[in-house]
Amino acid sequence: MEKVKVTIDGITIEVDAGTSILNAARQIGGDVVPPAMCYYSKLKDSGGKCRTCLVKVSKGSEKDPRPMPKLLASCRTAVMDGMEVQNITSLEVVEARKGVVEMLLINHPLDCPVCDQAGECHLQDLAYEHGVEKTRYEFERRTFDRIDIGDKIQLHMTRCILCYRCVFVADQLTNQRVHGILGRGDASEISTYIEKAIDNDFSGNVIDVCPVGALTDRTFRFKNRVWFTKPVDAHRDCPTCSGKVTLWYKGEEVIRVTAPKDQFGEVEDFICNTCRFETKNTSDWVIEGPRQIANTSVISSNHYEIAQPPPVIKTNLVLQEANKEQFEKATRS
Amino acid sequence: MSRKLLLEHINVPGINTFDVYRQNGGYRSVEKALKTLSPDDIVEEVKKSGLRGRGGAGFPTGMKWSFLAKPEGVPRYLVCNADESEPGTFKDRYLMTYIPHLLIEGMIVSSFALGVNTCYIYVRGEMMPQICILEKAIVEAKNAGFLGKNILGTGYDLEMYVQPGGGAYICGEETGLLESLEGKRGTPRIKPPFPAVSGLYNCPTVVNNVETIAAVVPIINDGADEYMKIGIGRSTGTKLISAGGNLNKPGVYEIELGVPVEEFIYSDEYCGGIANGKRLKAVVAGGSSVPILPANLILKTVNGESRLMSYESLADGGFVSGTMLGSGGFIAFDEDQCIVRNTWNFARFYHHESCGQCSPCREGTGWMEKVLHRLEYGHGKLSDMDLLVDVSKKIEGNTICPLGDAAAWPVASAIRHFRDEFEWHVNDPKSAMERNYGLAHYADPLEIEVKG
């Protein structure tokens with residue numbers, strides 16, 4: 001495969017041709033990774049909508065070094081050889097991102113204290129990192145009634161940020177398209193037409209891909225806060241899916257099953273509804289060990305773990321040398 | 001009397017029928033193009049003529065055509081964008097209603113130039129009469145041998161279809177239009193890839209405005225050199241302007257680019273001045289999405305030169321003191337019009353028409369509309385103006401398609417030029433509900449900076 005060189009915030013990396021800027025940044029790791037609310041690497045055509053991953057391309061490529069006139073969505077822009085990208089080093093990007101976060105929050109109910117997603121919500125993380133403390137929006141927020149789509153999933157559109165991820169899941173994972181967008185503009189809503197129940201083996205994955213608390217697991221609703229539960233990796237022989245999951249324990253009891261998620265909050269593998277909703281006994285599973293959750297997440301608070309250096313440092317000798325002190329400090333404890 | 005290229009025969013009775021149109025020199029360009037010119041010659045000719053897209057952005061048409069990818073064995077498409085729904089613009093509807101064969105003639109020549117065998121005219125859903133007119137005209141052209149298989153015995157095949165849209169403004173954005181044409185939700189695609197590489201059904205596609213395609217006809221008939229003589233600088237040829245608002249003679253005018261704005265508003269050949277003897281307060285020069293300008297800035301640039309109806313002259317001064325030619329929807333406001341109410345009306349339109357795909361536009365247009373509503377009805381605050389400018393900046397340039405920009409520009413420019421009228425609405429809400437702000441100083445001669 002052809003390799004191209006791209007420089008993001010001054011860090012140069014070689015990636016396969018056709019990689020998006022966002023994925024190149026993820027290969028570098030650390031702070032230069034733009035946040036992504038709608039992009040999901042496992043879903044085709046996702047991304048480009050939330051605009052939180054906007055970056056500035058200060059040099060188009062080796063052949064055509066002109067900068068791009070507008071900020072670009074890094075999740076949908078492929079890297080070119082010699083491209084130079086500014087993410088957190090560009091004031092313009094930081095400002096634009098702040099604006100996008102504000103826009104995402106103006107119609108969000110901010111009901112985190114009663115929301116099941118709190119603690120693993122991407123919008124919370126995003127607002128914490130890039131938002132402002134106060135809102136300038138003084139109007140009534142958009143609200144919807146809660147809808148039960150099937151007996152296991154609840155849709156609470158009020159919290160939705162319209163990332164379209166669940167629509168892509170319904171489109172690409174399940175064989176009948178029962179789930180889409182109705183209406184347009186800020187009146188658009190995710191819905192199953194005429195509140196039809198979603199009835200499919202993989203429908204539960206919409207809960208995992210939802211970056212906010214708009215789609216929640218009815219078997220877990222109001223049972224517990226996620227940071228009081230203990231994630232454990234487990235697997236079982238499943239005829240329909242890979243059977244690899246994360247069990248969330250409260251005491252002796254499994255109160256929730258999700259697919260294992262990586263450091264960007266994306267599932268490693270989609271799991272079936274039997275694994276997710278039906279098998280909630282320890283005896284159903286082979287336990288592998290505690291699940292590592294990224295240090296930045298509230299779920300890992302009070303869990304002292306060794307800080308993992310970003311992947312780019314592991315492969316780059318110059319950076320290893322430059323960060324030697326921190327590296328030793330991290331590995332010593 | 002200025003030269004007319006598109007509307008030359010508009011007053012001939014029955015020009016909407018094939019026979020009368022043909023007798024008045026119609027379909028000459030098809031004969032000329034198919035029999036004597038090669039496709040590349042036509043593209044070169046259009047390139048040379050300096051014709052710029054008449055839909056709003058003003059991108060050179062010949063250049064757009066030359067970007068079209070031409071892979072082997074893949075069909076190419078030409079799509080005519082007749083989804084004209086910009087408030088203030090009604091030139092395409094006029095052209096399609098009264099002289100539909102001009103569009104069809106242009107479509108045939110353009111399709112031949114691009115090597116297209118299937119082309120579409122995507123018409124806005126509300127324009128049902130125009131859809132019927134076009135379909136009738138297509139049948140007439142087909143019966144006369146100008147469409148279908150082996151046109152004029154040259155071996156060139158072309159099928160033309162009219163597709164009614166659902167009546168959404170967003171479907172006028174070229175990728176939104178293509179999505180809609182494919183039968184999906186009309187939401188703009190993320191670019192790249194551009195339609196020239198992967199457009200309709202993932203095939204290379206050119207999307208052009210009705211007037212752009214119609215303008216190809218005189219270019220082929222008379223040659224690019226003749227076309228270039230009309231106009232000024234890089235704005236060549238003629239442009240249809242749909243004039244509306246408080247004018248004595250509103251309507252569609254074909255102007256030679258480069259006519260002074262003052263002449264366009266006040267001369268009897270064109271709009272004939274402001275209605276009821278009132279004075280001019282402000283002008284939206286190119287459809288609702290371009291910045292609004294007060295009377296003094298629309299007639300003269302900040303350098304004191306008189307402003308002309310051309311792409312460059314209207315844009316003189318950038319967004320600080322200029323505007324854009326846009327799609328040619330010329331709206332004049334007299335001294336009795338309220339700019340705050342008008343801005344709110346525009347914001348309401350963009351809020352309603354935002355597709356809801358990307359967050360800055362979906363949330364920001366609604367936010368701006370609500371703040372403007374509050375200002376108009378006397379509940380505003382002085383900080384609202386800064387808020388509006390800030391929100392418009394957060395939308396501008398950060399969205400998937402230009403609708404975000406189009407929503408942000410009118411609001412930002414109205415506050416830039418008419419700030420005291422907004423402040424008056426906040427400070428004196430009672431009077432603001434009872435009367436309008438009036439002309440104030442908006443027509444006062446500008447203080448010209450003396451350089452040196």
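This is a predicted model: local features need pLDDT of at least 70, side-chain atom pairs count only at pLDDT 80 or more; totals for chains, interfaces and linings use all residues.
Trainee: Where does Pro192(B) sit?

Mentor: Pro192(B) is in the loop between helix H8 (174–181) and E5 of chain B. Residues are numbered from 1 along each chain as its sequence is written, chains are lettered from A and ligands numbered from 1 in the order written, and side-chain values use heavy atoms, with hydrogens and water left out.

Trainee: What is the omega of the peptide bond from Lys191(B) to Pro192(B)?

Mentor: Omega is near -5 degrees, and that bond is cis. The bond from Pro192(B) to Pro193(B) is cis too, with omega near 5 degrees. Pro193(B) is in the loop between H8 and E5 as well.

Trainee: Why is Tyr27(B) called buried?

Mentor: Buried means under 20% relative accessible area, exposed means over 50%, and partly exposed is in between (1.4 Å probe, protein chains only). Tyr27(B) has 0%, so it counts as buried. Tyr27(B) lies in the loop between helix H1 (18–23) and helix H2 (28–36) of chain B, and has a positive phi of about 60 degrees although it is not a glycine.

Trainee: And Phe222(A), is that buried or exposed?

Mentor: Exposed: its relative accessible area is 54%, and the cut-off is the one I just gave. Phe222(A) also has a positive phi, about 60 degrees, without being a glycine. Look for Phe222(A) in the loop between strand E10 (215–217) and strand E11 (230–235) of chain A.

Trainee: Back to chain B. What is the strand order in the open sheet?

Mentor: E3-E4-E2-E1-E5, five strands with mixed pairing. Two strands pair if DSSP finds at least two bridges between them.

Trainee: What makes E3 and E5 of chain B edge strands?

Mentor: Strand E3 (148–151) and strand E5 (205–209) each have a single partner strand, so one side of each has no neighbour in the sheet. From one strand to the next, the twist averages 25 degrees. Axes are lines fitted to C-alpha atoms, for helices over the stretch in contact, and angles run from 0 to 180 degrees between N-to-C directions.

Trainee: How do you know that E2 and E4 of chain B pair?

Mentor: Count the bridges: E2 (residues 118–123) and E4 (residues 156–164) have six, in the parallel sense, and at least two are needed. Among the bridge partners, Ile121(B) has Val162(B) in E4(B).

Trainee: Which helix lies across E2, E3 and E4 of chain B?

Mentor: H7 (residues 128–143), running at about 165 degrees to E4(B).

Trainee: Now chain A. How do you know that its radius of gyration agrees with a compact globule?

Mentor: The radius is taken over C-alpha atoms, and the globule rule is 2.2 Å times the number of residues to the power 0.38. For 333 residues a compact globule would be near 20 Å; chain A has 21 Å, which agrees. Its C-alpha trace spans about 55 × 50 × 40 Å along the principal axes, and 54% of its residues count as buried.

Methods:
Helices (H or I, at least four residues) and strands (E, at least two) are DSSP runs, numbered from the N terminus. Contact means heavy atoms within 4.5 Å.
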